[in-house]
Amino acid sequence: MSRPPARRARRRPVAALAPYLMVLPGWLWLAAFFVAPVLVMLSLSLQTGDFIDGFRQTFHVGTYGDALATYHTQLVRSLLYGGAATVCCLLIGYPVAYWIAFRAGRHKSVYLFLLLLPFFVSFVIRTQSWNVVLADNGVVLGPLKHLGLLPGDFHVLATPYAVIGGLAYNFLPFMVLPVYVALERVDPRLLEAAADLYAGRAATFGRVVLPLSLPGVFAGVLLTFVPASADYVNAAILGGPSTTMIGNIIQTEYFTNLDYPGAAALSFLLMGTLLIAVFLYARALGTEDVLEVAAR
Amino acid sequence: MAPDTLAAPPPAHDTATTPPGPAISLVDVVKDYGGDRKGAANGAAVRGVDLDIGEGEFFSLLGPSGCGKTTTLRMIAGFEEPTGGRILLHGRDMVGVPPDQRDVNLVFQSYALFPHLSVADNVAFGLRRHRVPKGEIHDRVDRMLHTVELADKADRRPRQLSGGQQQRVALARALVNRPRALLLDEPLGALDLKLRQSMQLELKRIQREVGITFVYVTHDQAEALTMSDRIAVMNGGLVEQVGPPREVYERPATAFVAGFIGTSNVLSGRLADSGTGSGAEAGARTGVLDLGDGQQVVLPLPEGAAAGSPVEVTVRPEKITLGAAPPTGRVSRIRGTVEEVVYLGTSSSYAVRTATGTELTVFQPNDGTAALTPGRGDTVWLTWATAHSYPLAPAPAPAPAPGPDAPAPR
Amino acid sequence: MLLPPPPGAPRPSRRTLLRSALGAAALAPLAACSVPGARKDVPTGRAEIAAAVRDFWSGRRRTGKLDFVNYTQYIDADPADQSRHPTLEEFTRRTGIEITYQELIDDSASWFGKTQPLFASGEGIGHDLMVVGSDSYLTKYIELGYLAPLDHSRLPNFARHAGAAYKNSSFDPGNVYTVPWQSGMTGIGYDPAKVGRKITSWQDLRDPALRGKVGMWNDAVQMGNVALLAIGRDPETSTPEDWRRAADWLRGQRDAGMVRAYSTATYQSALQRGDLWASLVYSGDVYQANRSGSRLEFVIPEEGGLLWTDNLCLPVTAAGAVDALTYMDYAYRPEVAARITETVQFICPVPAARDVIVREAAAATGERRAALQALSTSPLVFPSESDQSRLRRMRVLERAEEKQWNALFEPIYQA
């Protein structure tokens with residue numbers, strides 16, 4: 001209060017601007033690679049016309065209604081498949097991450113590398129390879145059928161299970177890595193403290209390890225659910241007659257039908273639906289708590 | 001009473017300071033990580049420890065880092081299994097019993113508070129595991145938080161508290177369970193000096209209030225002396241001396257203890273005269289270390305010491321008085337030159353170099369009772385009562401070069 | 001930015017002004033990025049076309065350079081060195097025109113996506129000659145005016161040797177912009193060992209014995225045309241009412257659980273593995289599968305199969321247009337066509353090439369003789385008269401029709 005106002009006015013601007021200048025590159029990045037494309041897409045989704053005659057801005061919101069009316073089945077299916085794949089990733093990924101973090105000892109990095117190894121192969125080839133592995137009379141199902149453990153017409157490929165399985169397989173590391181990082185950060189002395197305070201293995205896990213790893217689970221669920229719901233490769237390669245996901249529709253609309261407004265509107269519908277789903281999830285889990293633990 | 005030294009004292013003979021029925025007994029406990037473990041290639045972290053810790057006692061394990069004190073504590077808690085010997089909690093052998101089934105609680109050096117739980121939930125953690133009724137949990141947590149003066153912080157998260165407050169939460173979280181014994185692993189190590197001193201008093205108060213056995217690990221000799229009923233000084237995986245603070249301080253049993261606790265002067269030489277002392281020594285046998293040139297050290301004669309045998313003697317700095325002329329009679333007297341004088345307020349510290357080259361430290365009170373207050377370069381005579389000469393036991397079987405920070409157990 | 005209100009008009013409050021200013025600022029970018037139309041006027045009628053040809057070709061000279069872009073493995077190759085193409089080297093020897101040959105095209109859609117902006121900006125694609133399928137993208141290239149009209153006075157070999165079945169197709173009547181490169185058929189491929197009988201009709205793809213073992217495509221154009229054949233209509237003369245019935249036929253097949261998957265990405269391997277017993281296929285798929293050990297059969301169903309053609313065409317921006325036209329004519333020499341067919345094994349648009357192959361077979365010995373004989377008698381490369389009579393062209397769709405078509409057929413495979 002007692003500082004002379006003149007001096008204050010002279011010194012203030014630089015000091016006050018510094019933090020903003022420091023985040024400027026981040027803002028520019030966001031503006032150039034997120035805000036601008038989103039605005040372009042939003043604009044596109046409101047245009048009408050066709051590829052040959054051009055698209056004109058008419059603020060036609062009806063495209064959204066049409067898209068939703070035509071493709072709500074695929075949209076809901078995408079969320080269901082994405083959600084199911086995320087649950088699979090969590091059920092498989094959490095124990096894997098736990099094992100690597102607490103039991104793998106000094107070979108941790110080896111196991112993490114092994115986990116990532118398939119991802120040095122192209123996404124499509126990797127997915128396509130399941131067509132060979134899970135072929136109706138292939139290396140897995142063939143012997144089982146031969147032994148009479150499965151009926152002859154049993155198949156996994158071309159079913160929703162194949163698509164969900166493919167999604168879970170492809171996005172597993174997106175679950176394992178953040179969960180691993182969260183578990184790795186758990187101070188081993190907390191586990192001793194829990195044991196010292198009469199917690200057995202189950203209680204130590206449920207009361208200490210699990211809550212402390214929730215930020216990782218939260219991140220893992222987001223990183224898995226969002227891209228899995230928007231994926232189109234798995235449905236195209238592993239799917240059957242009724243497994244089309246919204247990503248496949250968007251791909252057809254954009255690349256085959258050159259219906260840019262329709263494709264843009266569908267993309268926004270997907271984005272909106274995912275945001276709502278993520279928001280509800282965050283609410284259910286109590287983000288504040290999660291972020292608070294994460295911030296420690 | 002004979003100093004309760006090293007190598008296997010028969011348990012529970014020390015009735016003067018230990019209440020009957022030890023709370024914790026360690027019988028020849030060994031922890032050997034095996035040669036393959038880094039940093040412990042030289043063998044065991046704990047090489048055969050026998051201790052009896054009495055009910056309600058404040059017992060400290062004191063020693064430098066790597067001496068095995070933390071490993072010993074963790075074995076009592078159950079986080080490490082001994083490779084040999086027995087650990088008895090109230091007479092029951094605990095070897096093989098997991099930590100969650102031992103009726104002791106540990107206060108961690110880093111507190112290890114659960115970051116995702118409130119202060120109250122941290123404190124209630126153990127009670128909930130024991131399925132104590134809800135109402136009782138609430139009451140006990142509340143009372144315990146009052147005891148550690150944190151009742152108003154019950155809903156905070158640990159990271160919202162200061163270091164001293166976190167420390168008290170850690171203490172409350174352990175004490176609320178009313179364990180048979182509380183184990184504390186350098187609990188004040190992370191606090192600054194002032195806070196540490198107030199927490200020392202606080203800990204002592206709490207211990208008196210709850211009346212639980214405390215086993216306290218520290219490398220800080222002042223802390224151990226301040227708080228403990230008894231101290232076990234450890235070095236190289238062995239206990240060098242067990243006793244009340246005064247005894248350990250004034251009558252160190254080994255050169256290590258003498259050196260580790262307080263400032264000590266050690267003089268060595270060969271025993272010149274094994275005859276009995278004068279009447280003034282009340283019949284005790286005394287011996288003399290002749291340092292030549294009229295200088296000598298008179299000491300109570302160690303058991304079985306023969307003329308000519310090598311002896312080390314220690315004397316505490318504040319027991320020595322300075323004089324301008326050599327004292328006469330059968331008393332210790334050494335001549336030296338004052339090399340440094342440090343004024344310390346209530347006392348002054350003199351560094352005196354003897355004719356044989358040994359540097360001795362002398363404290364003299366500044367209350368006007370000092371016979372002489374010499375300056376740098378002055379020649380002085382040092383003397384002290386024979387009772388303050390402590391012959392040191394020969395060093396125990398040398399621990400094979402304990403590494404700088406040997407087995408650092410986790 | 002905002003004009004003062006006229007006298008007497010209610011003065012907007014500051015808040016209203018601010019709001020409308022913000023609104024305008026937010027909407028400005030939305031309004032700004034309309035996608036401009038790409039349409040050009042395309043000449044119609046004999047006279048207009050002749051004028052357009054004159055306009056384009058007058059004053060154009062040979063440059064001695066030709067940039068040719070094609071699909072992968074779609075031209076003859078030296079068996080010893082796949083990167084050498086003898087007919088191209090021969091062309092250079094004869095004409096002195098240097099050829100840059102690249103295989104950059106993966107599929108019509110992505111190639112259209114890559115080239116369209118370059119055409120639209122007038123920058124040109126840098127290639128003088130390209131291969132385009134007889135699909136909706138070719139129609140778009142033509143409608144957008146991206147292709148140069150051909151000067152047929154400089155294509156004597158085309159006039160003399162092109163097979164009648166491949167000339168003058170509905171997607172480019174009079175071959176104003178294109179000449180055929182290679183053709184193929186869409187029919188049924190099946191594994192006789194699994195099916196246990198001969199397949200002869202599209203109706204067999206609704207045989208309950210094949211339930212869950214039939215492969216169809218996620219391609220509205222092919223699916224719609226095939227279904228029109230299945231209900232006994234010629235696609236080129238079909239009506240929207242026929243389309244609806246065709247879509248019903250496909251839906252019936254789907255609802256009966258016949259179809260395992262609608263996928264152009266996986267049907268070949270699935271058929272080879274036995275996961276599919278019968279599938280919609282291109283003729284070349286079966287040839288390739290059998291070359292790697294399968295024993296599949298290709299059939300042109302009795303209701304008819306589809307004939308499609310990939311075409312050579314010139315971008316309007318071609319610098320070496322004359323050189324490209326020279327090559328087009330060269331490709332129609334029977335001995336050149338024969339050599340290309342020997343490698344690619346698709347339907348050759350030059351019937352006379354067969355005579356060349358028969359002659360070569362007579363002159364050759366051993367394995368080569370057998371291979372050439374097999375080639376000259378292969379119904380997949382030189383379809384018989386009766387096969388040819390059963391082949392139909394695909395429907396060329398107007399833009400308005402395309403929407404209607406897609407709305408009918410897409411939901412079947414995008415369920």
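The model is predicted.

**Helix packing in chain A**

Helix α3(A) spans residues 108-116, and helix α6(A) spans residues 160-184. The two pack at an angle of about 160°. Their axes lie 10 Å apart. Angles over 145 degrees count as roughly antiparallel, so α3(A) is roughly antiparallel to α6(A). The crossing of α3(A) and α6(A) is left-handed.

On the α3(A) side, the contact is made by K108(A), L112(A), L115(A) and L116(A). On the α6(A) side, P173(A), V176(A), L177(A), Y180(A) and E184(A) take part. Seven of the contact residues are nonpolar and two are charged.

The interface values are as follows.

| Item | Value |
|---|---|
| Residues of chain A in contact with chain B | 21 residues |
| Residues of chain B in contact with chain A | 25 residues |
| Area buried between chain A and chain B | about 2200 Å² |
| Share of that area on carbon and sulfur atoms | 61% |
| Salt bridges between chain A and chain B | one |

Which residues of chain A lose the most area to chain B? They are D196(A), L197(A) and Y198(A). Together these account for 36% of what the chain A side buries.

One salt bridge is counted between the chains. The side chains of R74(B) and E192(A) meet in a salt bridge, at 2.7 Å from N to O.

How values were computed: Residues numbered from 1 in each chain as written. Chains lettered and ligands numbered in written order. Predicted model: local features only at pLDDT ≥ 70, side-chain atom pairs only at ≥ 80, totals over all residues. Heavy atoms only, no water. Axes fitted to C-alpha atoms, helices over the stretch in contact; angles between N-to-C directions. Helix = DSSP H or I, 4+ residues; strand = E, 2+ residues; numbered from the N terminus. Parallel < 35°, antiparallel > 145°, perpendicular 65-115°, else oblique. Left-handed = near helix turned anticlockwise from the far one by under 90°. Contact = heavy atoms within 4.5 Å. Nonpolar A, V, L, I, M, F, W, Y, C, P; charged D, E, K, R; others polar. Buried area = accessible area lost by both parts, 1.4 Å probe. Salt bridge = Lys/Arg side-chain N within 4 Å of Asp/Glu carboxyl O.
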